[in-house]
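Take the chains first, then the domains, then the helix pairs. Keep the sequence and the model side by side as you read.

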2 protein chains.
Amino acid sequence: MADVAQVAGVSHQTVSRVLSNHPNVRESTRTEVLRAIGQLGYRRNSSARALVTRRTLTLGVVACNPTLFGPSSTLFGLEEAARDEGYMVSAVTLRRYSAAALREAIDHLSDWGVEGIVVIVPHREAVTALAELRLPFPVVTVEGGHSLPIPVVSVDQWLGARMATSHLLAAGHRTVWHVAGPPSWLEAEARAKGWRSVLEEAGAVVPPPIQGDWTPLSGYRAGQELAGRVTAGAAGRGSPEVTAVFVANDQMALGVLRALREAGLSVPGQVAIAGFDDIPEAEFFTPPLTTVRQDFAALGQASIRLLISRLESGTRPDDDERVVIEPRLIVRGSSTPS
Amino acid sequence: MADVAQVAGVSHQTVSRVLSNHPNVRESTRTEVLRAIGQLGYRRNSSARALVTRRTLTLGVVACNPTLFGPSSTLFGLEEAARDEGYMVSAVTLRRYSAAALREAIDHLSDWGVEGIVVIVPHREAVTALAELRLPFPVVTVEGGHSLPIPVVSVDQWLGARMATSHLLAAGHRTVWHVAGPPSWLEAEARAKGWRSVLEEAGAVVPPPIQGDWTPLSGYRAGQELAGRVTAGAAGRGSPEVTAVFVANDQMALGVLRALREAGLSVPGQVAIAGFDDIPEAEFFTPPLTTVRQDFAALGQASIRLLISRLESGTRPDDDERVVIEPRLIVRGSSTPS
DNA sequence: CACTTGCCTGTGAGCGCTAACAATGTGCCC
DNA sequence: GGGCACATTGTTAGCGCTCACAGGCAAGTG
């Protein structure tokens, strides 16, 4: 910066003012400084700047498996929004979903001086641990559950599950089976609750949910079990007939579809299926999958807006701030005869 | 740090030595300092440290659409590897694939003082622009093409395409059609070249490749065109019969499968299909998709290793350094009668 | 004409840390 | 016992930047 000042024939402070868009700089001086900057290829040192301003303009993100469509889309929207606001995003991924792993990830981010973090880990243990940490900077969670005093941005999972389940019931099915996500995942829990609530309101029998782990393989296994029930159905084993299934995510739904097809069952003829997420592939499944679309990018943007508003207000407003985004039911061939 | 020093009854320099694991510190002093640190909840200021050491320990990543399975998996492996080496990763995503967008992304990273960057943008224009930028820090590309003087880490796309094509030919097909990715993508080009080379070596007719854009929808359209040819095939329009198709990625292959099925064609009975990537869903397509698996996580790890080795050697070794990872053919039902 | 006002610019201090050097204490050799 | 090597600690000087303040100059005011 001293070099630039010398070339431009001004003081380093004037160079600083030009770079910070300070108003009180004569136009001719400004252009002269900018010329010198261009000539020298100068870039302001961010560390020195951060040191004196006490602002790193960096936000941290803790993400769970970012290989999945949802988290990665959220991250995408989040990064874009942060960049527009002049912040940098540093992401850390979680290998295990333990409290220790979360703490380690947050420590790592703290070491680099992030001003705030977004936690995209809809996992009960992790979020609980998060609430217990008293961190010296603001935290926002995405899908972090509503029972903790941490601001959260989420899609209404409960409502989405209700939409899918109601849609299936409305098509005339007596009841709707459910392939659930792992119980430690908050989203899985909310979806299961939504599903159950609709059945109870309708006075329908609530079949035992089948446990999956989000992967297509687990969906496949669940599908095999369901197929077995359909085939053995006439024999009557106390459980209600399987004619409709709400699967907690699209990947598992893919596995279910395959298992049913292998068992010779037609979808939606014999069994209607609905998923959750609306991954790009869902429209091209066999048959195209009825599912619940989540606006992941909006989730990311909202989380950044919330985080930055706390950062810049400086205040620590209500810790129970909530942003809820509505999901949308996308009806396709897996639930309606084509 | 001064506070810690006072509490521990030492100088700030000793505190610094403890934090840097300097050898010459008496054990009793070290524990005393650590105790003070714990008591005060002190954290070393990364900006001040970066300012004086001239090391930010931050790496930048420029990624194209990280919603896709490949890039996001690479990013995942990359971040993990970087963290193990004590670096932080800051990622920026590209909205458009222009030279200007790339420059903007890199500027953004530079402003935050990254020590080096990994560019995961297998796009011709972007990579060419990258080669022309003379950046003051090391750059490594993932799938950045081998024709430029930039170190690159990649899966051998050409070989992967050859594997898939050879596999289809070996099954007895006269020739193999190809649904290609956008020509501006280096991976699309390499896969098309590999496909073509096998056909030429085998003396097979090379059908005109059909252009897609990586999306399931474009695959679906390509599939409709192919289905049309099969049905009209007997009429003979100069083009060879469609009995096998190598699709440049799994998402498009999904679209192709659906279009063929809608046209009443059986896979692999009438048309055999192979894809590329091995996304988690591929195994559960109808039928399960034969595809070429890429080890994306290894790609990310290798890119970090390469980048850090340049960083720490300080030297600027051969700019044509290359790491090539072998792909693997995964044979499933879409290419072989079950 | 002195005085204020507003604009523009320069000066000096210091953000929190590490590198280099200086200073102390401790043990060992001749 | 003097001197040397070594381990341990303290002192000082910046790293490159922004903030607070001071100063200079032109224009307007009483």
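Contact here means heavy atoms within 4.5 Å. By that criterion, 13 residues of domain 2 of chain A touch 13 residues of domain 3 of chain A. The model is predicted, so local features need pLDDT of at least 70 and side-chain atom pairs count only at pLDDT 80 or more, while totals for chains, interfaces and linings use all residues. Residues are numbered from 1 along each chain as its sequence is written, chains are lettered from A and ligands numbered from 1 in the order in which they are written, and side-chain values use heavy atoms, with hydrogens and water left out.

Chain A is divided into domain 1 (2–44), domain 2 (56–155 + 296–326) and domain 3 (157–294). These bounds come from an automatic or database domain assignment. The C-alpha centres of domain 2 and domain 3 of chain A are 30 Å apart. Between them the two domains bury about 1300 Å², with 63% of it on carbon and sulfur atoms. Buried area is the accessible area (1.4 Å probe) that two parts lose on being put together, summed over both.

Now turn to the two chains. The size of an interface is often given as the accessible area lost when the parts come together. Chain A and chain B bury about 4900 Å² between them, 56% of it on carbon and sulfur atoms. A:Arg83, A:Trp112 and A:Phe284 supply 17% of the area that chain A buries against chain B, more than any other three residues. In contact terms, 55 residues of chain A meet 55 residues of chain B.

Next come the helices. Helices (H or I, at least four residues) and strands (E, at least two) are DSSP runs, numbered from the N terminus. In chain A, H5 (residues 69–84) packs against H12 (residues 296–313) at an angle of about 45°, with the axes 7 Å apart. Axes are lines fitted to C-alpha atoms, for helices over the stretch in contact, and angles run from 0 to 180 degrees between N-to-C directions. H5(A) and H12(A) are therefore oblique to each other. Angles under 35 degrees count as roughly parallel, over 145 as roughly antiparallel, 65 to 115 as roughly perpendicular and the rest as oblique. The crossing of H5(A) and H12(A) is right-handed; the near helix is turned clockwise from the far one by less than a right angle. Residues making this contact include A:Phe69, A:Gly70 and A:Ser73 of H5(A) and A:Phe296, A:Ala297 and A:Leu299 of H12(A). By class, the contact of H5(A) with H12(A) has eight nonpolar, seven polar and no charged residues. Ala, Val, Leu, Ile, Met, Phe, Trp, Tyr, Cys and Pro count as nonpolar, Asp, Glu, Lys and Arg as charged, and the others, Gly among them, as polar.

Elsewhere in chain A, H10 (residues 216–232) and H11 (residues 250–262) pack at about 40°, their axes 6 Å apart. That makes H10(A) oblique to H11(A). Their crossing is right-handed. Among the contact residues are A:Pro216 and A:Tyr220 of H10(A) and A:Met252 and A:Arg258 of H11(A). The contact of H10(A) with H11(A) divides into seven nonpolar, six polar and two charged residues.

In chain B, the axes of H2 (residues 12–19) and H3 (residues 27–40) come within 10 Å and cross at roughly 95°. H2(B) and H3(B) are therefore roughly perpendicular to each other.

Finally, look at the backbone. The peptide bond from A:Thr286 to A:Pro287 is cis, with omega near -10°. A:Pro287 sits in the loop between strand E9 (272–274) and strand E10 (291–293) of chain A. In chain B, the bond from B:Thr286 to B:Pro287 is cis, with omega near -10°. A:Arg54 has a positive phi of about 60° although it is not a glycine. A:Arg54 lies in the loop between helix H4 (46–53) and strand E1 (58–63) of chain A.
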